[in-house]
Amino acid sequence: MLLEGLASFVEKTGVYEIASTFLDGGWRTVVMLCIACILFYLAIVKKYEPLLLLPIAFGMLLVNLPLSGIMHPDYFINPDYLIDGTDLNFSLILHEGGLLDLLYLGVKLGIYPPLIFLGIGCMTDFGPLISNPKSIVLGAAAQLGVFITFFCAVLLGAFQIGGFGADGTMETIFKEAASIGIIGGADGPTAIYVTKTLAPSLLSAIAIAAYSYMALIPLIQPPFMKLITTKKERAIVMEQLRPVSKREKIIFPIAVTIIVILIVPDAASLVGMLMLGNLIKESGVAERLCKTAQNELMNIVTIFLGVTVGATAKADTFLTAKTLLIIFLGLAAFCVSTCGGLLLAKLMCKLTGGKINPLIGSAGVSAVPMAARISQKVGQEENPSNFLLMHAMGPNVAGVIGSAVAAGVFLANFAN
């Protein structure tokens, strides 16, 4: 009896599950656990976006430990578990789902990304953008990678390369291509918001690619910045920005909300919450709300978002050739977006007679404030007296708006 009980216990352990299925796919679990440990290393040792990579890595760890039952990604993407093959079965999730299934509803229902944007709005100073409105075009130019990668992914899907559009319909190809392209905006919440609607089966690969490239900005951007610009251009010292009045800062989020949502209504959730957060900050009459949004609320939502997104990266769906291609396309999108901003800034430099340092163009991606800091760092390497940070913040915050607008364009065209 004792031996039978011991044998029964062993058969119920995760170790036995991995060992007994190793050749039939259990090895994938081991690989995913190793990937999670690599992300831990990047977050803890290298300090690459630890607030994001740490919970993502732990969510990946939890879901790939056998028999934990803490997350069931199939409940959200497998037609067999959906009502009529499309709608979430909330009864199933509530009664049989694990802890992360319940928390993941915040992603699936589109709650977490807009709340992240609320916190970002409370932490963002749009003053540099208001002071230099021309910088908004650099934020637009840095969305180039989004749309070029979108068209590349459409072509791959049309020729059935890489597994895109597995059902063979152009509708699915467009949706998956849009989800991949948005990685180029360098905005994790925006990528998640688009993907959870258009291509939820790709969420883990796209989210991890988006956040990983955001974390690796210090490694990815400088080579392109030095390739596209000359030493003389990188040393350009820009004129000090004009002071921005409080009235301008209060009017700006209201005006942007009205203009953007009238043009791209599907961007309302992201742009609206971003601008609400900024209005709370700049109005100066709701300090408690501002502190809560940028601290407690932002931190709580970041934990929930990171852990649940990481938990969608289950071995059997993540370790595929399609995932590797998505990660490659995401890198290409990010690089092209960086180059798009740099090239337009270089043109503006020529047109203004050398008054604009082209390095600020790379900050047009949405990674705030990391991209602006890299512009400052590379500029100071050429000219120690050069201070580009505030000039780069204009394109940087414009990139946040630009990525949200790009998301709205995709949702308006491809969401059912």
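**Entry 1: helix 12 and helix 13**

I looked up how helix 12, residues 170-181, sits against helix 13, residues 188-198, and found an angle of about 165 degrees with the axes 9 Å apart. That angle makes helix 12 roughly antiparallel to helix 13, because angles over 145 degrees count as roughly antiparallel. I note here that the model is a predicted one.

I then checked the handedness of the crossing of helix 12 and helix 13, and it is left-handed. Which residues make the contact? On helix 12 they are Lys175, Ala178 and Ser179. On helix 13 they are Val194, Thr195 and Leu198. Sorted by class, this contact has three nonpolar residues, two polar ones and one charged one.

**Entry 2: helix 11 and helix 12**

Next I turned to helix 11, residues 144-158, which packs with helix 12 at an angle of about 145 degrees. The axes of helix 11 and helix 12 are 8 Å apart. I recorded the crossing of this pair as right-handed.

I listed the residues that meet. Helix 11 brings Gly145, Val146, Thr149, Phe150, Ala153, Val154, Gly157 and Ala158. Helix 12 brings Met170, Ile173, Phe174, Ala177, Ala178, Ile180 and Gly181. By class I have eleven nonpolar and four polar residues in the contact of helix 11 with helix 12, and no charged ones. I see Ala178 of helix 12 in this list, and Ala178 is also in the contact with helix 13.

**Entry 3: the cavity**

I asked how many cavities of 30 Å³ or more the structure holds. The count is one. The largest cavity has about 90 Å³ of space in it.

I wrote down its lining: Pro73, Phe76, Ile77, Tyr104, Pro200, Ser201, Leu203, Ser204, Thr312 and Thr317. Which elements give two or more residues to this lining? They are helix 5, residues 74-77, and helix 14, residues 203-215. The lining of the largest cavity has six nonpolar and four polar residues, with no charged ones.

**Entry 4: a peptide bond**

Last, I looked at the bond between valine 368 and proline 369. This peptide bond is cis, with omega about -5 degrees. Most peptide bonds are trans. Where is proline 369 placed? I found proline 369 in the loop between helix 21, residues 321-351, and helix 22, residues 370-382.

Note on methods:
Residues are numbered from 1 along each chain as its sequence is written. This is a predicted model: local features need pLDDT of at least 70, side-chain atom pairs count only at pLDDT 80 or more; totals for chains, interfaces and linings use all residues. Side-chain values use heavy atoms; hydrogens and water are left out. Axes are lines fitted to C-alpha atoms, for helices over the stretch in contact, and angles run from 0 to 180 degrees between N-to-C directions. Helices (H or I, at least four residues) and strands (E, at least two) are DSSP runs, numbered from the N terminus. Angles under 35 degrees count as roughly parallel, over 145 as roughly antiparallel, 65 to 115 as roughly perpendicular and the rest as oblique. A crossing is left-handed if the near helix is turned anticlockwise from the far one by less than a right angle, and right-handed if clockwise. Contact means heavy atoms within 4.5 Å. Ala, Val, Leu, Ile, Met, Phe, Trp, Tyr, Cys and Pro count as nonpolar, Asp, Glu, Lys and Arg as charged, and the others, Gly among them, as polar. On a 1 Å grid over the protein atoms alone, a cavity is a set of points where a 1.4 Å probe fits but cannot get out, and a pocket is an open set with protein on both sides within 12 Å along at least five of seven lines; lining residues have an atom within 4 Å of a point. Grid points are joined across faces, edges and corners, and a volume is the space filled by probe spheres set on the points.
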